[in-house]
Amino acid sequence: MVPSPPPTGTLLVFGLILAALFLFVTERIPNDTTALAVLVALAVLEPWTLITPAEALSGFASPATLTVVAMYMLSEGIQRTGLVGRLGATLGRLTGGDERRLLGATVGTTGLAAGVVNNTPIVAVFIPMITDLADRYGLSPSKLLLPLSYAAMLGGTLTLVGTATNILASDLSRQLLGHPLSMFEFTKLGVVVFLVGAAYLLTVGRWLTPARIDPAADLTETFDLENHLVRLVVRESSPLIGATPDAADDRLAADGHDLDVLQVERDGESFLARTSDRPLLAGDLLTVRTSLQTANRVAGEYGLRHRHRDEVTEDDLSETPHRGTLVEVMIPGESRFVGTRLGASALDERFDTTVLAVRRGDEVTRADLDDVELRGGDTLLLQTTAGAIAYLADRDEVIVTHEPEDPADLDGTVRAEEPGAPLDSRAPVAVTILLTVVAVAALGWLPIVIAALGGVVAMVVTGCLRPADAYDAVSWNVVFLLAGVLPLGLAMQRTGGDALLAGVLVASDAVLPLVGVLALVYVVTALLANLITPVATVALMVPVAVEVAARLGATPLTFLLAVMFAGSTAFLTPVGYQTNLMVYGPGGYRFTDYLRVGGPLQVLVAAVTTTGLTVLWGL
């Protein structure tokens with residue numbers, strides 16, 4: 001008998017899912033925008049999707065969404081006390097700069113911290129801390145940053161509040177099974193997964209992790225700028241005499257030359273070109289960013305002399321406050337610069353900042369920078385001022401991953417994130433509030449969403465967190481993504497899409513034992529999470545997993561937890577999990593590095609999780 005084709009509504013929902021998956025993978029538009037587009041489509045096509053406008057918007061009122069918002073705010077309150085950053089000094093002191101011990105301390109500290117504080121801000125704080133320690137002890141940061149991301153993911157499986165996917169899975173468990181996950185319900189398995197993963201990272205993973213960044217290189221060498229930083233002397237015949245550095249830049253750009261004047265040296269004094277209105281004089285020594293070919297061409301056309309033998313180093317560009325400061329930064333996913341061309345970013349006009357190079361993974365762009373469209377995870381080498389970088393870092397537009405040799409050149413905003421920064425006097429209050437939230441939720445006195453929101457109120461009332469800082473701390477792109485994909489899972493249930501997918505997985509029961517089907521659910525979820533966001537994957541796969549369990553007479557909670565763990569441990573690509581993307585640029589990694597280091601870890605964690613679920617919760 002030929003099975004009847006799926007109804008129109010099911011086909012339409014699958015069409016929306018495929019379109020969303022394509023956009024998630026290709027990032028033609030931001031992921032949160034894709035989720036909102038799906039939300040709108042579900043409401044507009046209500047006769048087929050069976051999702052009313054109110055239901056399409058229900059994700060914004062979901063306990064999962066509100067809990068994620070609250071946890072971002074609570075994490076910010078802890079971060080602003082300096083408690084997390086202070087761990088850097090302790091790590092350096094305890095490890096003495098030994099790579100193996102520093103790696104162990106990084107994995108252990110990150111994993112445990114990520115169990116009680118959302119793992120994304122943990123990684124954001126630890127990146128500059130780890131790169132600073134690596135630089136101080138002559139180690140390649142590449143050997144530490146990828147394990148940092150993996151440890152944060154593994155630590156996120158320890159408690160309910162470790163990741164947004166855990167919180168989402170708990171809410172879906174409440175809806176589908178009438179049983180929200182408690183704070184420590186899956187901690188026993190999370191501890192096993194973390195310990196096994198940590199053992200791998202400290203042994204096989206340490207051997208497989210490459211040292212992409214040369215620890216002996218300064219910033220100009222790291223970005224391979226030796227042929228893109230040159231010095232030109234202004235001759236007496238130069239038509240640029242009398243023009244300010246900015247005016248000279250504009251004139252050269254109008255003539256089609258890709259060149260930025262960085263600093264001007266006159267009579268033994270150097271000053272930052274972006275902040276100076278002094279007119280150029282004959283004999284001025286200009287340090288510029290351009291190619292050697294362009295430098296020779298500009299020298300001939302504008303009466304300049306190219307000093308071929310001069311080498312420009314990091315010290316030359318950040319030796320004194322008058323020269324500005326050379327800083328390496330990473331663009332976080334929620335930065336307003338994401339999706340913006342550098343030429344339209346106004347970094348030069350508004351922030352007196354010149355971009356010298358952009359690194360995306362192990363690829364470095366040094367020419368035609370105005371045409372580069374920034375993405376989350378990009379690493380930029382900037383020549384800027386202390387005030388500008390402090391302003392951008394304070395507003396989470398950038399994360400400083402390498403600071404000047406003398407941190408006193410930066411003001412308190414950036415300096416407060418240094419490993420040796422003093423603790424805020426309100427640190428004990430903030431920690432007490434967070435632990436109270438965890439305890440109240442763990443004991444079942446209040447739902448996690450109410451406890452977390454109450455914790456935010458307490459943080460603000462006690463002065464641990466300003467309201468403006470609380471709102472700024474939230475990764476709103478994650479929130480809108482979560483709110484947008486939740487109705488898609490509901491549409492799958494309404495139209496029978498989850499039953500159709502479950503039927504495909506159930507068919508594997510003919511050749512696989514029940515534990516094999518569980519492993520297959522885990523693997524499918526993990527592969528999806530590595531290609532699209534874990535939040536979207538969990539929203540789509542939890543209803544399918546529960547349906548598979550129902551058809552096979554298995555334990556639904558076991559299958560739901562398999563999806564949750566798989567969504568929280570996406571090790572294979574830099575694009576699936578946000579922390580992987582955050583270390584991609586600062587570590588100078590290649591895409592294949594994630595497959596080489598994360599592949600064995602993915603298989604190992606899949607085997608451990610599947611076995612643990614079977615033993616602890618049963619099939």
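Which residues do ring pairs link into a cluster? They are Tyr-584, Tyr-589 and Tyr-594. Keep in mind that this is a predicted model.

Tyr-589 has 0% relative accessibility and counts as buried. Tyr-594 is also at 0%, and is buried too.

Now the helix, H29, which covers residues 591-616. With 26 residues at 1.5 Å a residue, H29 should span 38 Å, and its end C-alpha atoms are 36 Å apart, which agrees. H29 does have a kink of about 40 degrees at Gly-598, shortly before the proline Pro-600. After H29 comes Gly-618, with a positive phi near 80 degrees.

Back to the rings. The count of aromatic pairs is six. Another of them is Phe-351 with Tyr-391: the centres are 5.8 Å apart and the planes are at 35 degrees, so the pair is tilted. Phe-351 belongs to helix H17 and Tyr-391 to helix H18, so the pair ties together parts that are 40 residues apart in sequence. Phe-351 is buried, at 6% relative accessibility, whereas Tyr-391 is partly exposed, at 35%.

Last, charges over rings. Lys-188 lies over the face of Trp-617, 5.1 Å from the ring centre. Arg-359 has its charged end over the ring of Phe-223, at 4.5 Å from the centre.

That's it from me.

Methods:
Residues are numbered from 1 along each chain as its sequence is written. This is a predicted model: local features need pLDDT of at least 70, side-chain atom pairs count only at pLDDT 80 or more; totals for chains, interfaces and linings use all residues. Side-chain values use heavy atoms; hydrogens and water are left out. Helices (H or I, at least four residues) and strands (E, at least two) are DSSP runs, numbered from the N terminus. The expected span of a helix is 1.5 Å times one less than its number of residues. The bend at a residue is the angle between axes fitted to the seven residues ending there and the seven starting there. Rings of Phe, Tyr and Trp (its six-membered ring) pair if their centres lie within 6.5 Å; planes under 30 degrees apart count as stacked, over 60 as edge-to-face and the rest as tilted. Buried means under 20% relative accessible area, exposed over 50%, partly exposed in between (1.4 Å probe, protein chains only). A charge sits over a ring if NZ of Lys or CZ of Arg is within 6 Å of the ring centre and within 35 degrees of the ring normal.
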